[in-house]
Amino acid sequence: MGVMDLPTFTVGRSTSLGFWRQHCCNRASLQHPLGDEVEVVSGLPRSLLDIMSCIGHGATEEDFWNWPGSPGSLTQHQLWEAYRLAGMLAIRYGHLLLVPQSSGTLTGSTAQANEASSRPLILPSTTVIISRIVSHLDALRRAFTETEGVGSLVFNAIKYPAFIAGLQADIINAQPELKDVLRCCLSIHYHPHGFERDFELLLEVLEEWWSHHHDMTNAHELAFARGMEIGLL
């Protein structure tokens, strides 16, 4: 439940109850403390989920930029980098954030590392971040198709970074190659776990956003108009 409730992970939901932030971040206090294992539902390292759970509640772009990573396979690293960069965009633009952002700071090792660093931090532009996200997604798509669906659990987790990148409509519309990759990633027909409709619906929403985003306040309106919530996990 903590993962499904993460802020910005659902289109058409106006609140997050903060289960992960309140009950899962402080693992040192557990009787059998968890390390930085991969959380099984999301396929993401717990340390990355810790930062994502604080979007709108003190997390900063720098927290994502300074995330040190976690051991994993090559395809997992492609996925995690896409999520890390998508988290930066989620904070930078707040398209899916309907709760007020607090003025607090993220606690834990990431925030401490930020304070310890005296070097000025130069974050990449939105165009560069989107290009990086899309390149990671394209690498995952190629690996998925070339191996005939091996590693499908990793590929099926691309919805969040694909959607967050796709929300930058002006950049996506100005660079057709980026749009083509997102369309390819969300329209692959082989989804052995029955996720075809989830991907199709997400692409339908993005196509409408690319055409009419200037007439809308945020992407939640597209889900509200359909009378549904669209999960990005």
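Which residues lie nearest the centre of the second largest pocket? They are Val 41, Ser 42, Leu 153, Asn 156 and Ala 157, among the 16 residues that line this pocket.

## Model and confidence

This is a predicted model, in which local features need pLDDT of at least 70, side-chain atom pairs count only at pLDDT 80 or more, and totals for chains, interfaces and linings use all residues. Residues are numbered from 1 along each chain as its sequence is written, and side-chain values use heavy atoms, with hydrogens and water left out.

The protein chain has an average pLDDT (the predictor's confidence in each residue, from 0 to 100) of 84, and 80% of the residues score at least 70. Among the elements of the chain, the mean is lowest in helix α5 (residues 109-116), at 40, and highest in helix α9 (residues 169-174), at 98. Helices are DSSP runs of H or I with at least four residues, numbered from the N terminus. The pLDDT is below 50 over residues 99-116, a stretch that has 26 contacts in the model beyond near neighbours in sequence; a contact means heavy atoms within 4.5 Å.

## Nonpolar core

The largest nonpolar core has 67 residues. Such a core is a set of buried Ala, Val, Leu, Ile, Met, Phe, Trp, Tyr and Cys residues joined through side-chain atoms within 4.5 Å, where buried means under 20% relative accessible area (1.4 Å probe, protein chains only). Leu 79, Tyr 83, Ile 133, Tyr 160 and Phe 163 touch the most other members. Helix α4 (residues 74-93) supplies the largest share of this core, ten residues.

Leaving aside residues up to four places away in sequence, Phe 163 touches Val 11, Leu 96, Leu 202, Val 205, Leu 206, Ala 219 and Leu 232.

## Pocket and cavity

The second largest pocket holds about 270 Å³ of space. On a 1 Å grid over the protein atoms alone, a pocket is an open set of points with protein on both sides within 12 Å along at least five of seven lines, a cavity is a set where a 1.4 Å probe fits but cannot get out, and lining residues have an atom within 4 Å of a point. Both α4 and α7 (152-155) give two or more residues to the pocket lining; α4 gives the most, with four. The lining divides into eleven nonpolar, four polar and one charged residue.

Two cavities of 30 Å³ or more are present.

How values were computed: Buried means under 20% relative accessible area, exposed over 50%, partly exposed in between (1.4 Å probe, protein chains only). Grid points are joined across faces, edges and corners, and a volume is the space filled by probe spheres set on the points. Ala, Val, Leu, Ile, Met, Phe, Trp, Tyr, Cys and Pro count as nonpolar, Asp, Glu, Lys and Arg as charged, and the others, Gly among them, as polar.
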